[in-house]
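I am opening a notebook page on this structure. My entries follow in the order in which I looked things up.

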Amino acid sequence: MEPQRKHSAALHTCYPCRRTILYRIYAVIHTCGIISLMYHHAHSLATADTTLTTSLLLIADVVLAFMWATTTCLRFNPVHRTEYPKRYLAKPKEDFPKLDVFICTADPYKEPPMMVVNTVLSVMAYDYPSDKLSVYVSDDGGSSLTLFALMEAAMFSEHWLPFCKKNSVEDRSPEVYFSSKSQYWTDEAENIKVLQSDEIEVMPNLIYVSREKNGASPHHFKAGALNTLLRVSSVMTNSPVILTLDCDTYSNNPRSPLHALCYFSDPKLNPSLGFVQFPQKFRGVNKNDIYASELRRPFVISMVGFDGLMGSTYVGTGCFFNRRAFYGPPTNLILPEVDELGPNWIADRPIKGYFGFGTRCSWM
Ligand SMILES: O=c1ccn([C@@H]2O[C@H](COP(=O)(O)OP(=O)(O)O[C@H]3O[C@H](CO)[C@@H](O)[C@H](O)[C@H]3O)[C@@H](O)[C@H]2O)c(=O)[nH]1
Ligand SMILES: [Mn+2]
């Protein structure tokens, strides 16, 4: 992501970390220390007899100095960002771009379908116009259990979405909501029952995709699944903004799309803005995180460091993409041979779907 240091844009601000100056002073002192150490080694090599020992020490110190330099650049200009989603909300709803969400699952035993549907429901229930939202699930396991769970989730969503929006529920993964409020939700469960399904007229699209795999060509695991979803979604909805999620990472903020759009809608950033990566947060780690399972260094410290240099890295989940970014660099649009797979194709055919097992879902 392009860093933007000025407080100019109304929808987001970016400011450097306050302790950067102290760190830079320390880094200069440390660099002087490394240079004098290198000088000492070079001097010893030229004058002393212990050439082998000195050479080994020199190599060890060069390696350590290189490792220090590569991590130091991430501490050199860390930046913090703030978005103002309420300001974005003030726009007319017609101006909101369509959003496609890609969720990958592969194994119904290691990734239980209940976990997958909780992730699905957490994004279907976004505070976002439902008619602009499409959720695509790629199931590399081709599991009928996962498909069945999704069908049930589609029906449950008719109750869950109005309930979340009416009660301003913050945790929109049902599993998290019901476990975190276990002392309250007995009363609220009654509310779920009495809600009518027509409170929200349009429901988000929910599309299940299980790609064909064969021995003749490599399937490329998650990357292959995401590419399949990219192609399928381009002919069905072709939304300009895409969110990718692993099936085990639910969205814990119903306004996440608005936060991302604060950047995508900025005309100064947009031509070169490929993606907006959200940090990962982990549930269920032990108190004080003694095993460092939160992975704070890669997901928090390094990310703000990358952001201040040339932009963060994609960490595989929780990332909003500009669909245009998949069609070549900002100055060069590389169009596919099939028009319908291009970024500017307007996919306006209505999506009509029927489930198996004799059930037709009313939201399609
Ligand atoms: O053939 C496959 C294999 C995996 N996946 C999905 O890919 C995701 C990540 O795979 P997983 O085995 O869970 O990898 P992890 O090590 O848990 O994931 C971390 O590391 C991955 C890269 O190695 C990133 O893609 C993930 O975002 C990151 O969370 C999951 O949703 C899987 O369902 C597929 O869709 N098809
Ligand atoms: Mn995983």
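I take two strands as paired if DSSP finds at least two bridges between them. Strands (E, at least two residues) and helices (H or I, at least four) are DSSP runs, numbered from the N terminus.

I note that the model is predicted, so local features need pLDDT of at least 70 and side-chain atom pairs pLDDT 80 or more, while totals for chains, interfaces and linings use all residues. Residues are numbered from 1 along each chain as its sequence is written, and chains are lettered from A and ligands numbered from 1 in the order in which they are written.

I looked up the sheet. Six strands make an open sheet of mixed pairing, in the order β5-β4-β3-β6-β8-β7.

I then followed β6 (residues 241-246). It runs antiparallel to β8 (residues 319-322), and four bridges join the two. In this pair I242 stands opposite F321.

I checked the UniProt record. Its unreviewed entry gives the annotation "binding site" to K222 and D246; such annotations may be inferred rather than shown by experiment, feature names are shortened, and positions follow the numbering used here. The two cluster in space, with a largest C-alpha distance of 9.2 Å, although they spread over 25 residues of sequence.

Which residue is in helix α8 (residues 221-236)? I find K222 there. D246 belongs to strand β6.

I count a residue as buried with 20 or more other C-beta atoms within 10 Å of its own, exposed with 12 or fewer, and partly exposed in between, with C-beta atoms placed from the backbone. K222 is partly exposed because it has 17 such neighbours inside 10 Å. D246 has 20 within 10 Å and is therefore buried.
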